[in-house]
Amino acid sequence: MFMAIRMDTNALLKLTQWLSPGFPVSAYAYSHGLEHAIDNGALKDAAGLRQWLEDVLRNGSGQSDAILLCAAYRAEPDELDEIDDIARGFAASAERRLETIDQGEAFARTVNDVWGAEVSALCYPVAVGRAARLQSLPLAETLAVYTHAFAATLVSAAVRLVPLGQTEGQAVLAALAQPIENLCTKAQRADLDDLTSSCFALDIASMKHETQYSRVFRT
């Protein structure tokens, strides 16, 4: 059983830095299948984006990433490889697998170089969970900021691709606060047996993006 860790200013700043847009994991290069959904007309406006992202958070990779992060945070070192294998298995396409592996490796490399965290090359949510444990950052706040950063990255991609105005994008992100809170509460009570995904449109979009003729994003 884990005791609650109090969030002091140093921990808050570290967590904010790790999950900021400027942290070198190249998050800006990935759209998580959004580029294809927008290209084929499935997403046309802010209302459609909000519904898409709520579904991802409730039933798709947002939910599975949150559960994987919590599992990695709580795991012993010899359990991490199994969690990482599950994370790779939950990537529904080659591009989604590339996204989580590349970002995880980049994240681990930077936190190791700067903070001496000694995190292995793991999928992104697994690497973040492990690094937070090693650096004594509280799970609840780590999960909340990670999930918010995930949503913010996709909103930023949509602002460029739909396109949307900056204010529209921020309104969508603000509207996701409650779904993010709900997800974080659920994920902290879950374990690996609760992993599931039913965002078929997202999975198909990420698969079709692999052969899309003109692309801005890697996924």
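These questions and answers walk through a predicted model.

Trainee: Which helix holds Leu53, and is Leu53 buried or exposed?
Mentor: Leu53 lies in helix α3, residues 46-59. Buried means under 20% relative accessible area. Leu53 has 3% relative accessibility, so Leu53 counts as buried.

Trainee: Which residues is Leu53 in contact with, leaving aside its neighbours within four places in sequence?
Mentor: Take Leu154, which sits 101 residues apart from Leu53 along the chain. Their C-alpha atoms are separated by 8.1 Å. Contacts of Leu53 beyond its sequence neighbours within four places are Ala151, Leu154, Val155, Val172 and Leu176.

Trainee: How far away from Glu99 is the nearest side chain of opposite charge?
Mentor: Glu99 lies in helix α6, residues 94-115. Glu99 is buried and has no salt bridge. A salt bridge needs the charged atoms within 4 Å. The nearest side chain of opposite charge, Arg96, is away by 5.6 Å.

Trainee: Which side chains make a polar contact with the side chain of Glu99?
Mentor: Leaving aside neighbours within four places in sequence, Glu99 is in contact with Tyr30, His32 and Thr219. A polar contact of 2.8 Å links the Glu99 side chain to that of His32. Another polar contact, also 2.8 Å, reaches the side chain of Thr219. The names are His32 and Thr219.

Trainee: At roughly what angle do the axes of α4 and α7 cross?
Mentor: Helix α4 covers residues 61-74 and helix α7 covers residues 124-134. α4 passes α7 in a right-handed crossing. Residues making the contact include Leu68 and Leu69 of α4 and Val126 and Gly129 of α7. The axes come within 7 Å and cross at roughly 35 degrees.

Notes: Residues numbered from 1 in each chain as written. Predicted model: local features only at pLDDT ≥ 70, side-chain atom pairs only at ≥ 80, totals over all residues. Heavy atoms only, no water. Helix = DSSP H or I, 4+ residues; strand = E, 2+ residues; numbered from the N terminus. Buried < 20%, exposed > 50% of the residue type's maximum accessible area, 1.4 Å probe, protein only. Lys, Arg positive; Asp, Glu negative; His and termini not counted. Polar contact = N/O pair within 3.5 Å; in protein donor to acceptor, adjacent residues only side chain to side chain. Contact = heavy atoms within 4.5 Å. Axes fitted to C-alpha atoms, helices over the stretch in contact; angles between N-to-C directions. Left-handed = near helix turned anticlockwise from the far one by under 90°.
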